[in-house]
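Me: I'm new to this one and would like to go through it slowly. Could you show it to me?

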Amino acid sequence: MKIFLSGKLVDEKDAVVSVFDHGLLYGDGVFEGIRSYNGRVFLLEEHIDRLYDSAQAIALKIPMTKKEMSQAVVETCKANDLADGYIRLVVTRGKGTLGLNPYLCDKAEIIIIAAAIKLYPRELYDNGLKIVTVGNIRNHPEAINPRIKSLNYLNNVMAKIEAINAGCMECLMLNHKGEVAEASGDNVFVIKNGVITTPPSSCGALEGLTRNKVMELARAAGYEVREVPMARYDLYVADEVFLTGTAAEIISVVDVDKREIGDGKPGAITNQLAKLYHDAVNSEGTLIA
Ligand code: PXG
């Protein structure tokens, strides 16, 4: 496998970073998870924009233009002959000292990995997920703002531990006010009486690109889509619940905290949106050429 590191493609065995890299020492950095389908990178520009916004929010200067970054992503896919894959784009603060001060770090480190994608088992898409609410709340917006896709994912890792301990693969995370935020690595949607809702990012959700795409597709299909604060109650009494994410795509949730959702099977609107999403990923995107 070829990895993009410090401005060039190197063999995986040579793709090493310093133990003094602040990405490792402090989780100081930002990242993106991107998908490619049929030789095209899906939503590349949107991912690059979010990466640079995340970097800007943590005062991290990326030593590359957005255009160069897009080209580097495409080059990395090409070098690995990857038509369908998962691209991990990581920007760390770089090598520094054993102290927090980011201004003492040399230069941001840029890492691009283009690998095979590991999906949830098919069975979960056919039958739906069971999730539980976890005790770990999403970060307070005046701490690490949840809109920043930072390398510091301990908040989400702790939530994932609680989910797995409860026998679930995903969980529901609330914000500091007890409102629904999102899952540990996916956004959450609720459908009630044909209206599709999702919490606004101000409630503690990452502004997911799959989420944005699904809202766009749903509106184009004639659905009313709203971003509204919600309580767990809204999920318990929903007709349908589903999660969205680059890796998971659209996956139905059929059980929340042991409340069966709808008739306990993936709902018709969720299935319709999943089909629209699959049509989009297979026809749009930046060509790997
Ligand atoms: N919320 C959180 C907290 C996320 O990290 C999403 C929602 C969905 O956003 P997108 O833009 O992907 O629709 C994410 C992103 C992985 C991995 O396993 C994927 C994500 C996060 C962390 C790790 O590579 N999803």
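Me: Leaving aside neighbours within four places in sequence, which residues is Ser252 in contact with?

Reply: This is a predicted model, in which local features need pLDDT of at least 70, side-chain atom pairs count only at pLDDT 80 or more, and totals for chains, interfaces and linings use all residues. Residues are numbered from 1 along each chain as its sequence is written, and side-chain values use heavy atoms, with hydrogens and water left out. With those neighbours set aside, Ser252 is in contact (heavy atoms within 4.5 Å) with Gly128, Leu129, Val241, Phe242, Pro266, Gly267 and Thr270.

Me: And is Ser252 buried or exposed?

Reply: Ser252 is buried, because its relative accessible area is 4%, where buried means under 20%, exposed over 50% and partly exposed in between, with a 1.4 Å probe and protein chains only. Ser252 lies in strand β14, residues 249-256, a strand being a DSSP run of E with at least two residues and a helix one of H or I with at least four, both numbered from the N terminus.

Me: What about Gly264, where is that found?

Reply: Gly264 is in the loop between β15 (259-260) and α8 (268-283), and Gly264 is partly exposed at 21% relative accessible area. Not counting residues up to four places away in sequence, Gly264 touches Asn127 and Val254.

Me: Switching to helices, which residues of α3 are buried?

Reply: In α3, the buried ones are Met69, Ser70, Ala72, Val73, Val74, Thr76 and Cys77. After α3 comes Asp81, with a positive phi near 50°.

Me: Is Leu24 buried or exposed?

Reply: Leu24, found in helix α1 (residues 22-26), is exposed, since its relative accessible area is 62%.
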